[in-house]
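Welcome! Please take a moment to look over the sequence and the model below, and then we will walk through a few of its features together.

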Amino acid sequence: MDVALWIASGLLAAAFLGAGLMKALRPIPVLQEQMRWVTPERTAGVRAIGWLEVAGAVGVILPWVLGVAPVLTPVAAVGLALTQVGAIPLHVRLGEAKSVPANVVLLALAVFVAVGRFAAL
């Protein structure tokens with residue numbers, strides 16, 4: 001079970017680190033071409049979501065591996081799951097149903113990590 005949790009954590013970290021850094025650092029006009037929901041008026045929100053995703057990516061790995069406040073790992077996983085709970089209806093509303101299966105997989109991974117790591121505390 002521990003190996004499966006590490007694999008799921010690694011996949012979550014990779015996905016959210018990449019997506020988060022993109023939202024946090026890329027120019028808004030470039031992001032607008034890739035994501036319909038990004039507008040200049042939402043710049044602060046897009047950047048905040050990006051940095052929160054980066055924090056979640058770090059949070060599902062570092063606290064557990066370092067043994068420092070390991071409760072933060074499942075808490076981070078819950079946060080990433082909530083991100084997907086918000087992303088799924090957004091993609092549906094924008095007519096981007098092709099994105100939903102990836103969101104569902106990320107949601108399932110995050111829930112798996114949260115439950116597994118909370119149980120191991």
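Is Arg 117 buried or exposed? Arg 117 is buried, with a relative accessible area of 1%; here buried means under 20% relative accessible area, exposed over 50%, and partly exposed in between, using a 1.4 Å probe and protein chains only.

Before going further, a word on the source: this is a predicted model, in which local features need pLDDT of at least 70 and side-chain atom pairs count only at pLDDT 80 or more, while totals for chains, interfaces and linings use all residues. Residues are numbered from 1 along each chain as its sequence is written, and side-chain values use heavy atoms, leaving out hydrogens and water.

Back to Arg 117, which has two partners to look for. Its charged end sits over the ring of Trp 6, 4.7 Å from the ring centre (this requires NZ of Lys or CZ of Arg within 6 Å of the ring centre and within 35 degrees of the ring normal). The side chain of Arg 117 also meets that of Asp 2 in a salt bridge, a term for a side-chain nitrogen of Lys or Arg within 4 Å of a carboxyl oxygen of Asp or Glu. This pair links distant parts of the chain, with Asp 2 in helix 1 and Arg 117 in helix 6, 115 residues apart. Helices are DSSP runs of H or I with at least four residues, numbered from the N terminus. Asp 2 itself is partly exposed, at 43% relative accessible area.

The structure holds two salt bridges, shown here:

| Pair | N to O distance |
|---|---|
| Asp 2 and Arg 117 | 2.9 Å |
| Lys 23 and Glu 53 | 2.9 Å |

Lys 23 lies in helix 1 and Glu 53 in helix 3 (residues 43-59), so their bridge ties together parts that are 30 residues apart in sequence. Lys 23 counts as buried at 9% relative accessibility, and Glu 53 counts as buried at 5%.

Now turn to helix 5, residues 72-93. Its 22 residues reach 32 Å from first to last C-alpha, close to the 32 Å expected, where the expected span is 1.5 Å times one less than the number of residues. Among its buried residues are Pro 74, Leu 80, Gln 84 and His 91. Helix 1, helix 3, helix 4 (62-66) and helix 6 are included in what covers the buried residues of helix 5, with contact meaning heavy atoms within 4.5 Å. Just after helix 5, Gly 95 takes a positive phi of about 75°.

How values were computed: Helices (H or I, at least four residues) and strands (E, at least two) are DSSP runs, numbered from the N terminus.
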